[in-house]
Structures are given as C-alpha cells and as structure tokens.
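Subject: Handover of a structure and its findings

Dear colleague,

Please find below the structure that I am handing over to you.

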Amino acid sequence: MLEINGIAVSNGIAIANAYCLVEPTLSFEKVEISEIDAEIERLKDAVAKTKLELEVIHESAMLKFGEEKAGIFSAHLLLLEDPEMFSAIVGKIKQQVNAEFALDEVSTMYINLFESMESDYMKERAADIRDVAKRLLAHLLHIELPDYSRLSTEVIIVAEDLTPSMTAQLDKQYVKGIVTNIGGRTSHSAILARSMEIPAVVGTKTATKNIKHGTSVIVDGKSGKVIVDATEEVKEFYLTAQKDFEQEGQLLHPYISLPSVSADGHHVKIVGNIGTPEDIEAIVTNGGDGVGLFRTEFLYMDRQELPNEEEQFTAYKKVLEKMEGKPTVIRTLDIGGDKELPYLNLANEMNPFLGYRAIRLCLDQQHIFRNQLRSLLRASVYGNLKIMFPMIATLDEFREAKKLLLEEQQKLIDNGIPVSEKMEIGMMVETPSAAIIADLFAKEADFLSIGTNDLIQYTFAADRMNERVSYLYQPYHPAILRLVKMVIDAAHCNGKWVGMCGEMAGDEVAIPILLALGLDEFSMSASSILSARSRIARLSKEKLMPHMESILSLTTAKEVEEYVKNILI
Amino acid sequence: MEKTFKITTLEGVHARPSALIVAAVTPFTSNVELIYNGKSANLKSIMAVMTQSIPTGSVITISAEGADAEALMSKVTNVIISHGIGEEC
C-alpha cells in the first residue's frame with residue numbers, strides 16, 4: 001500500500017483501477033527490406049486497423065459530443081485513406097525501405113508542406129496529419145496508444161495534467177476519479193471535475209511515477225489522499241466513507257426545493273457555474289436559482305475553427321430554455337491566459353494572464369466578438385438572459401463593448417429579428433482597477449459580478465497556476481474582503497445587484513462574510529449549491545453584520561478564518 | 001465532363017468543406033480532378049485539395065471522367081450547393 005498526497009479539488013470518494021494516460025514512445029530504425037510486397041501488406045494491415053480504430057472513436061464521439069465535435073475524426077479517416085499519401089508511402093517502400101520509415105518520410109513531407117502554408121488555419125492542419133501518422137505508426141509497431149474516449153470499464157484517470165478540453169471529453173460513466181501530477185484548486189481541470197462531480201486530487205507531483213496502469217486506486221477528494229493498492233482494512237474504511245458521503249447528499253436533499261433564504265429572512269440567489277449546455281442538468285437537479293456564469297469559451301475549444309453563429313445560438317437558446325425564465329448570466333468569450341485556441345494562432349506571451357486575453361482580444365478581433373453578440377441577442381428572447389463582459393479594467397473598455405452590443409442589437413432589430421428588451425448588461429470585476437472604481441462602473445453597468453479567482457491573483461500579483469507562490473492565493477485576506485465590500489457597497493449605492501462567481505462564493509468560511517456584506521448572488525459549482533443553501537439557512541445576516549468591522553480590521557487571512565470558525569459558525 | 005463553381009463559403013475551401021467534397025466523390029470509380037489557378041489536384045485526396053488553399057471568391061473547375069462521371073458530378077454539385085460551399089457559374 002502506498003499513500004500519495006495532493007490537493008483535494010473535487011469532493012467525493014472513488015475506488016477503481018488506474019488508467020494511466022502516458023504517451024508511449026514510438027521509435028524505429030530505417031531498415032533495408034527485400035520483401036517489398038510483404039512490406040506493402042504490412043502497411044495495408046496497419047491502415048485497416050487504424051481505420052477500424054478511428055471508426056470506433058468517431059462513433060463514440062458522435063454519441064457523446066454530437067456530430068460537430070466528432071467531425072475531426074471523419075477528417076482523420078479521410079487523411080488516413082488519402083490516395084495520394086498512400087501511393088507516396090508505397091512508392092517509398094518500393095525503394096526497399098521499411099514501412100515505418102516510408103510513412104515517416106511521407107508524413108513529414110506533408111506536415112512541412114502544411115506548416116509552410118500562408119494561412120494560420122492551414123498550418124494547424126499539420127497537427128491532424130501528425131495525429132493520424134502517429135496512430136498508423138503505433139499499429140505498424142504493435143504498440144497500443146492510450147485513448148480515454150474509448151473506456152469501457154470504470155477507471156481512475158492518472159495523468160501528468162489534463163487540459164480543459166481533455167477533461168471535457170471524459171465520459172462520466174466510466175471515469176470515477178482523477179489524479180494528476182500538477183494543477184491547483186482553481187486550475188480549469190479542477191473546476192470541470194467539480195462541475196461533473198468527479199472526485200479529483202491534483203498536484204500530487206509523483207502520481208504518474210508511482211501508480212501503475214491497472215492497479216487499484218482510492219481517490220479521497222476531501223482530504224487529498226490517493227491510496228494505491230489499499231489493504232482490505234483501508235478499502236473497507238473508504239467504502240464506509242463513500243456511503244457516508246452519499247448519505248450527506250441525502251440529508252441535503254430537502255433543500256432542492258427550498259428557497260435560498262437566511263435564518264432571519266434575507267433572500268439571496270444561489271446559482272451555478274457552467275461550461276457547456278449539458279452542465280445545466282446538474283444545476284436543475286440541485287435546485288439552483290439560475291446560472292451565475294456560463295463560460296462560453298468551452299464552445300470555442302476542442303475544435304478546428306470558430307463556432308458559427310448558428311451553433312452558438314443553439315447552445316445559448318438551449319441553456320435559456322432549460323432555465324425556464326430563471327436569471328442566466330452568460331459571459332462573453334474569455335480566451336487567453338491558460339485557455340488557448342490553437343486556431344487563432346496567438347503569439348506566445350511572457351505573461352499570458354497579463355496579456356492579450358478576454359475583452360482585450362474581443363475588442364481587437366471584432367468579427368469574433370460581434371458574431372458571439374449576435375448569437376446571444378438572437379437567443380435573448382428564449383429566457384432571462386444577462387450578458388457580462390470579462391476582464392474589464394477601464395470604463396473605455398466597458399463602453400466600447402456595450403457600444404458593439406447595442407450596434408448588433410440595432411442591426412437585428414432593423415432586420416426584423418426579435419431581441420429581448422429587458423436584457424441586463426453587466427461586467428466581471430476581476431481586476432483591482434475595476435474594484436477600485438466600482439462606483440463609476442456601477443453607474444453604467446446593470447450588475448457587477450466579482451470573479452474571485454482572477455481578482456485574488458491580480459491583487460496579490462501571484463500566478464495561480466504556479467505552485468511555488470500558491471500560498472498567496474488567500475481568499476480570506478482582508479485585502480480581498482475590503483475590495484469585495486467596496487464593490488458591493490458601490491453597486492448598492494447605485495441600485496445595482498452584485499454576484500460572485502469565483503470559487504469563494506461556495507466556501508464555508510467566506511459565505512457568512514459575503515452574506516453579511518450584502519452579496520446578492522452566490523454562483524458556484526452545481527455540487528456546492530445545496531450545502532451553501534443549507535449553510536445560509538442557518539445563518540442570520542442581522543447577527544453577522546456587527547462583526548464585519550472587526551473582521552475587516554484583522555491583519556491576516558488566518559485570523560479571519562479563525563474568527564469565522566470560532567465565533568460565527 | 002466539366003463544371004465550374006465559384007467558392008462562396010467565407011473561410012474558403014478549408015478542412016470541413018474539403019472533407020465534405022472528398023467524402024462525396026470517393027465512392028465513385030471515375031477519375032476526378034479539381035482545377036484551380038491552372039493547377040490540377042486529385043479530388044479524392046483531401047491532402048491535395050487542402051494544399052491548393054482555395055480562398056473565398058475563387059473559381060474552380062471540377063473535371064470527371066469515367067463510367068459514373070455523370071452521377072459523381074450531380075452528387076458533388078449537390079454537396080457544394082447544399083452546404084453553402086459555392087455556387088454554379
């Protein structure tokens with residue numbers, strides 16, 4: 001038995017066998033051959049096997065993600081069976097070299113050809129050829145490639161890291177838990193694991209080294225422990241803990257249909273964060289009061305080109321209809337930072353989190369932004385849509401974004417396309433500058449939503465992806481609490497409402513403070529909604545308020561945490 | 001037989017349009033070529049079609065020869081028009 005410690009990022013307990021996502025090395029030598037026909041047969045055999053493999057993947061991707069996302073695999077099938085490429089490889093083999101070498105020569109030639117093309121988009125196609133060539137080579141070498149989209153038994157995924165798009169592809173039916181070497185509480189794979197309610201432990205540093213494919217693994221998403229080859233005794237303990245966790249869920253069950261109200265009758269909204277239209281199910285089953293943040297960037301990720309207006313419209317309409325008139329806050333594209341879109345071919349930056357991202361990119365590449373705004377406006381008639389802009393730092397940015405929105409709105413109206421008249425236009429407060437002049441923003445925006453993950457990293461000037469400075473991620477720090485208070489007071493003075501859509505909104509220690517400061521909307525992972533509602537039901541805003549002056553005068557995050565735990569809850 | 005089209009899809013003949021066209025003609029036995037800018041490419045090869053990098057507004061010619069050339073041409077015309085890739089000239 002071996003115990004590995006990491007950061008617990010998604011609650012729950014999972015017990016299953018490890019599935020290690022490790023890319024095997026595919027190495028080969030150039031060999032002179034004499035049996036040309038046999039070598040060509042070997043190539044044909046590998047093509048046939050790869051074809052079968054791709055067809056299975058295509059089929060399962062169709063079922064899971066729909067035709068659009070599965071389209072990449074039908075393109076791969078065409079590349080695999082490309083007559084020109086095939087005859088080029090055969091031509092090489094006829095010069096008496098082995099199939100592996102011939103394949104590598106030809107695919108490299110095509111990869112170079114695509115990479116040298118002018119269009120950035122075409123340059124990206126080189127990756128598709130590389131991918132197909134890799135599958136083909138693996139079959140020639142009889143090496144099995146790992147493929148997490150083809151799972152057929154329950155597993156714990158073990159990997160160096162999972163990119164947001166990889167995590168989004170995981171099949172919840174089979175993926176019972178996630179363990180990674182790197183990452184933190186707010187990395188995107190962690191956020192997604194929580195929204196899919198899969199127990200996860202990240203930042204273990206050594207998981208891939210210490211966990212062998214197929215060994216039995218226990219993931220404790222509460223304590224951050226990962227246990228490999230557990231003894232019967234330990235396994236027994238965790239099976240009980242797993243049952244308790246499910247029972248706790250049962251206890252919260254009644255809150256699904258109860259209103260979000262404090263013990264002294266103060267009403268708030270407890271809403272959910274989502275990444276894809278499918279996530280809405282979890283919000284409905286947990287009785288959320290609406291959507292506080294729809295991260296639309298996931299519609300743009302994991303694909304080869306920008307989603308068109310129609311696709312986006314369909315996704316937004318679906319979310320709005322499912323929410324049946326409950327408030328639905330959709331955030332415009334927040335790309336950049338740790339979320340990349342390969343097909344935009346953006347230059348690498350020294351400081352991506354301080355660079356060309358979110359609203360900065362959208363105001364610069366207006367065709368992308370206007371496209372999204374049109375889809376949103378067209379969808380606005382199907383529910384209670386509120387639009388917000390990410391990463392606003394100055395009033396100029398907000399005014400410009402709002403101007404573009406109103407221009408698109410006017411164009412639609414002129415063309416006789418209906419749009420909602422009462423749609424609110426708000427913004428994220430996630431830069432310190434926006435928090436400091438929140439009073440000015442509150443005059444022009446219909447609502448403010450505090451994005452704590454970014455606000456905290458920008459306030460402390462500490463990269464939240466960098467483990468060595470992760471100690472500076474301090475949501476309870478008086479510096480953050482004072483900024484939050486400033487924003488809430490500024491909005492209320494102007495008759496506007498304030499939400500919070502960072503991890504902090506669902507946090508046990510933060511909730512009493514946020515309730516007392518007057519936060520109107522708490523937005524969190526669907527899985528946290530019920531526990532947050534039960535917490536608020538036990539708190540009295542009236543009784544908490546007198547403590548705020550003392551809390552805001554404390555000197556450290558630790559002091560705040562202790563004050564809340566000892567005195568308030 | 002030959003037919004000329006004008007490409008109208010904004011992105012030009014990118015991966016998705018190429019894939020649709022190549023998949024449409026592959027089942028036929030006739031030989032089929034795409035002629036653009038004086039260069040000819042095998043229309044059954046997605047690599048050959050994509051490396052032509054045909055932008056929007058271009059005029060292309062599709063030329064088919066063989067027993068089922070007529071059926072092939074009507075199929076490919078249908079795909080090009082119904083997916084908004086281009087229009088007949």
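The unreviewed UniProt entry places the feature "binding site" at A:Arg295, A:Arg331, A:Asn453, A:Asp454 and A:Arg464. UniProt positions are given here in the numbering used for this structure, feature names are shortened, and annotations may be inferred rather than shown by experiment. This is a predicted model, in which local features need pLDDT of at least 70 and side-chain atom pairs count only at pLDDT 80 or more, while totals for chains, interfaces and linings use all residues. Residues are numbered from 1 along each chain as its sequence is written, chains are lettered from A and ligands numbered from 1 in the order in which they are written, and side-chain values use heavy atoms, with hydrogens and water left out.

Helices (H or I, at least four residues) and strands (E, at least two) are DSSP runs, numbered from the N terminus. Are these residues buried or exposed? A:Asn453 is buried, with a relative accessible area of 10%, and A:Asp454 is buried at 4%. Buried means under 20% relative accessible area, exposed means over 50%, and partly exposed lies in between (1.4 Å probe, protein chains only). Leaving out residues up to four places away in sequence, A:Asp454 touches A:Phe353, A:Arg357, A:Glu430 and A:Arg464, where contact means heavy atoms within 4.5 Å. The side chains of A:Asp454 and A:Gln457 are joined by a polar contact of 2.9 Å. A polar contact is a pair of N or O atoms within 3.5 Å; within protein, one must be able to donate a hydrogen and the other to accept it, and residues adjacent in sequence count only if both atoms are side-chain atoms.

The "active site" annotation, also from an unreviewed UniProt entry, covers A:His188 and A:Cys501. A:Cys501 is in the loop between strand E15 (497–500) and helix H19 (510–517) of chain A, and this residue is buried, at 5% relative accessible area. Apart from neighbours within four places in sequence, the contacts of A:Cys501 include A:Asn273, A:Met388, A:Met428 and A:Ser523.

UniProt (unreviewed entry) also gives "domain: PEP-utilising enzyme C-terminal" at residues 258–539 of chain A. Over these residues the chain is 42% helix and 14% strand, and the end C-alpha atoms are 15 Å apart.

Next, the interior. A nonpolar core is a set of buried Ala, Val, Leu, Ile, Met, Phe, Trp, Tyr and Cys residues joined through side-chain atoms within 4.5 Å. The largest such core has 104 residues, and A:Phe369, A:Phe389, A:Met427, A:Leu448, A:Phe522 and A:Ile551 have the most contacts inside it. Helix H18 (residues 478–493) of chain A gives the largest share of this core, eight residues. A second, separate core of 66 residues includes A:Leu80, A:Met85, B:Met50 and B:Ile85.

Where the two chains meet, 17 residues of chain B are in contact with 16 residues of chain A. The buried area is about 1,400 Å², with carbon and sulfur atoms giving 74%; this is the accessible area (1.4 Å probe) that two parts lose on being put together, summed over both. B:His14, B:Met47 and B:Met50 supply 40% of the area that chain B buries against chain A, more than any other three residues. Between chain B and chain A there are four residue pairs in polar contact (both at pLDDT 80 or more) and zero salt bridges.

A salt bridge is a side-chain nitrogen of Lys or Arg within 4 Å of a carboxyl oxygen of Asp or Glu. How many are there over all chains? The whole structure holds 32. One of them joins the side chains of A:Arg374 and A:Glu309 (2.8 Å, N to O). A:Arg374 lies in helix H13 (residues 366–379) and A:Glu309 in helix H11 (residues 309–322) of chain A, so the pair ties together parts that are 65 residues apart in sequence. Another links A:Arg370 and A:Glu408, with the closest N and O atoms 2.7 Å apart. Both A:Arg370 and A:Glu408 are buried, whereas A:Arg374 is partly exposed at 23%.

Yours sincerely
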